[in-house]
Amino acid sequence: MAHELPQFDPKRSAHRGGHGGARGQGHGGGMGLDRAQRHHDDQADFHALLKYHDQISRSVTNTPDGIVAETRSDDPAIAALIRKHAHAMHARMVEKWGLRHWDPAFAEIFAQADKVELVLQDLPDGVRAVERSDDPNVAILIRAHGAVVSAFVNGGAKVAAQESPLPEAYIRMAGSSPVG
Ligand code: HEM
C-alpha cells in the first residue's frame, strides 16, 4: 500500500525558505502559489497518515514541562512520511502558519507557537519529538496536543473529523481575548 503514499519532493520542502522565509507572503491577500502548493502537499500527507493510521505506533511520555513523543512505522514509506509531516508542521509552527482553525487545540498551538519549543530527531523508523515550554499553561497545551496526535494515530480519519478536546485547566489565548 505504501507505494501510493505521496513522495518527498525536496524542491517543495517546507525548509526551503529557512525559518520565517515565507513571512510576508500573505500581503495582498490570499495564499501565494507556493504556499497553496505546500498546503496541498501537507493535506495530502496527513490524509495519507490518517489512512494508514493502523500501521503507525506512537508513545508519549510526559516531562515536567511538556512531552517526548515517538511515532513509528515498520513500513519505511510511512516512516518517511511521518518524518516529513513532523518537519513540515514544525516549519508551519515557526512561521505561525496555522491550519484546522476550526479546532481549538490547533488554533491554540499556533497562537502559542512562540512559546513552544519543538525539537525533532529522526529515527530509522519515524521521529522523536521533544516538545516543551517555559510557560506552564503552554505545557498543558503541548500535552493536550500530543494526546490529539495520539488519538489520530489510534482512530484515524473518524477522530480527525471531530474537534479535539482541550483540558479545563488550559487558559485559551486564540481569538481576541483569553477565555478562562
Ligand atoms: C495519523 C495521523 C498523524 C500522525 C501520525 C501525525 C504525526 C505527527 C508528529 C509525529 C508530530 C510531531 C509532534 C509530536 O510528535 O507530537 C506532529 C505534529 C503536528 N501535526 Fe500531525 N500527525 C497526524 C495527523 C495530523 C493531522 C490530521 C493534522 C492536521 C490536520 C496534523 C497537524 C499537526 C500539527 C499542526 C503539528 C505541530 C504541532 C505540535 O507538534 O504540537 N497532524 N504530527
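Which residues of α3 are buried? In this predicted model, the buried residues of α3 are Pro104, Ala105, Glu108 and Ile109. Viewed down the axis of α3, these buried residues fall within an arc of 130 degrees, so they line one face of the helix. The element against which the buried residues of α3 pack is α4.

Read from the N terminus, the elements follow the order α-β-β-α-α-β-β-α-α. The protein chain has 180 residues, of which 27% count as buried. Among contacts between residues at least 6 apart in sequence, 64% join residues at least 24 apart.

The interior may be considered next. In soluble globular proteins, nonpolar side chains tend to be buried together. Here the largest nonpolar core has 25 residues, and Ile56, Ile78, Ile82 and Ile142 touch the most other members. Two or more residues of this core come from each of β2, α2, α3, β4 and α4. The most are given by α4, which supplies nine residues. Ile82 shows how such contacts reach across the sequence: leaving aside residues up to four places away in sequence, Ile82 touches Leu49, Ile56, Thr71, Ser73, Gly126 and Val127.

The ligand has 26 residues around it, and those that come nearest are Leu49, Ala69, Thr71, Met89 and Ala129. The elements that give two or more residues to this shell are α1 (33–51), β2 (66–72), α2 (76–95), α3 (104–111), β4 (126–132) and α4 (136–155). By class, the shell comprises 19 nonpolar, five polar and two charged residues. Two of the residues that come nearest to the ligand, Leu49 and Thr71, are also among those touched by Ile82.

Strand β3 (residues 117–123) pairs with β4 in the antiparallel sense over seven bridges. Within this pairing, Leu120 stands opposite Ala129 in β4. A hairpin through two residues joins β3 to β4.

The loops remain to be described. Most residues other than glycine have a negative phi, and most peptide bonds are trans. Against that background, Lys96 has a positive phi of about 55 degrees although it is not a glycine. Lys96 lies in the loop between α2 and α3. The loop between α2 and α3 also holds Arg100, which likewise has a positive phi of about 55 degrees without being a glycine. Lys96 counts as partly exposed because 13 other C-beta atoms lie within 10 Å. Arg100 has 16 other C-beta atoms within 10 Å and is therefore partly exposed as well.

A further loop, between β4 and α4, contains Asp134. This residue has 10 C-beta neighbours inside 10 Å, so Asp134 counts as exposed. Asp134 and Glu117 are 17 residues apart along the chain, and their C-alpha atoms are separated by 8.8 Å.

How values were computed: Residues are numbered from 1 along each chain as its sequence is written. This is a predicted model: local features need pLDDT of at least 70, side-chain atom pairs count only at pLDDT 80 or more; totals for chains, interfaces and linings use all residues. A residue is near a molecule or strand if its C-beta atom, placed from the backbone, lies within 6 Å of it. Helices (H or I, at least four residues) and strands (E, at least two) are DSSP runs, numbered from the N terminus. Ala, Val, Leu, Ile, Met, Phe, Trp, Tyr, Cys and Pro count as nonpolar, Asp, Glu, Lys and Arg as charged, and the others, Gly among them, as polar. A residue is buried if 20 or more other C-beta atoms lie within 10 Å of its own, exposed if 12 or fewer, and partly exposed in between; C-beta atoms are placed from the backbone. The arc is that of the directions from the helix axis to the C-beta atoms. Two residues are in contact if their C-beta atoms, placed from the backbone, lie within 7 Å. A nonpolar core is a set of buried Ala, Val, Leu, Ile, Met, Phe, Trp, Tyr and Cys residues joined through C-beta atoms within 7 Å. Two strands pair if DSSP finds at least two bridges between them.
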